Amino acid sequence: MDTLRELRKMKQIKKKLKSLPINLRKKAIREARNAAGMQQQQRQQKVKKTAKRKKNSSAHIQNEFERAEHKAMLAATSQELQQILASCEELADVPFDCTPAELWGKIATAEGRATTTIYVHRDGLSTLKIVLHQRSPTIVQLKKAIASISLAQHKRRQRNERRALAEDTADQPEVELVAAATGNETMRRSSCELVNSALRNGHEHRALVSWRFLWRCFALFNVDTNQPIDDNADNGRAKLTALGIENGSNLKFVHRVKYFGRRRQT
């Protein structure tokens, strides 16, 4: 039946074309040819999209599998490292995710070498204890140690808060649902607070930023001498002793614009 209908339609179209003038007939034939070509092109594009979608889905599954394997390997490695450190009395106080700056400081202290210990106070957060193992540390080495140690401490605090939250809500599904819907205050406050607390003046501030941005906005201030520290002295390679920072000095973060003006973004 369908073939008969198509044949009838074709005959009707031929009759209409014969009755048309030559210019309109050519125009109708050209438009029909273009429409058929467009339909074929659309079919080819649809086939290509489906093939690409299948390829992307398989690649996504492979990436998810590799990511899960990587996470499992990291978890097993950290657990094994925790057991090794816990079994050794000399290394029992060393965290399994110890940064190179922390590790070198502990080694230098254990060997009895001269180290430079600096305390960095943060508004609303814990005080950072920075132990520099270099003989004559520079301001660049101090800033790198502050960045790595503060980020490591933030990750530890975030991990402990998540573990405590999971333990508290393990037997209370209703509380877990409410916390997931409204947003728990503990988890909100663990959003990469490196310089100061994100909750200031009664509301939450943006805290998830890079250290490049932080050093452009904040500078170190020597609490003992009541003087700001110019970290751009000697092209940022100045010794700490030249800047008035001694062993056991107390520093804090202050807004750079207050003491050095605005710093152009580079």
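Hi everyone. Let's start with a definition: two strands count as paired if DSSP finds at least two bridges between them. Keep that in mind as we look at this structure, which is a predicted model.

First, the sheet. Five strands, in the order E2-E1-E7-E5-E6, form an open sheet with mixed pairing. Which strands stand at the edges? They are E2, residues 128-132, and E6, residues 227-228; each has a single partner strand, so one side of each is left without a neighbour in the sheet. The partner I'd like you to find is E1, residues 116-121, which runs antiparallel to E2 and is joined to E2 by 5 bridges. If you want a place to look, Thr116 stands opposite Leu132 in E2.

Now for the helix. H4 lies across E1, E2, E5 and E7, and runs at about 135 degrees to E2. Take Ile146 as an example: its contacts include Val120, Leu128, Ile130, Trp215 and Phe253.

Last, a lysine. Lys143 lies in H4, which covers residues 139-168. Is Lys143 buried or exposed? Its relative accessible area is 16%, and the cut-off for buried is under 20%, so Lys143 counts as buried. Lys143 touches Trp215 and Asp231, leaving aside residues up to four places away in sequence. With Asp231 there is also a polar contact, side chain to side chain, at 3.2 Å.

Terms used. Residues are numbered from 1 along each chain as its sequence is written. This is a predicted model: local features need pLDDT of at least 70, side-chain atom pairs count only at pLDDT 80 or more; totals for chains, interfaces and linings use all residues. Side-chain values use heavy atoms; hydrogens and water are left out. Helices (H or I, at least four residues) and strands (E, at least two) are DSSP runs, numbered from the N terminus. Buried means under 20% relative accessible area, exposed over 50%, partly exposed in between (1.4 Å probe, protein chains only). A polar contact is a pair of N or O atoms within 3.5 Å; within protein, one must be able to donate a hydrogen and the other to accept it, and residues adjacent in sequence count only if both atoms are side-chain atoms. Contact means heavy atoms within 4.5 Å. Axes are lines fitted to C-alpha atoms, for helices over the stretch in contact, and angles run from 0 to 180 degrees between N-to-C directions.
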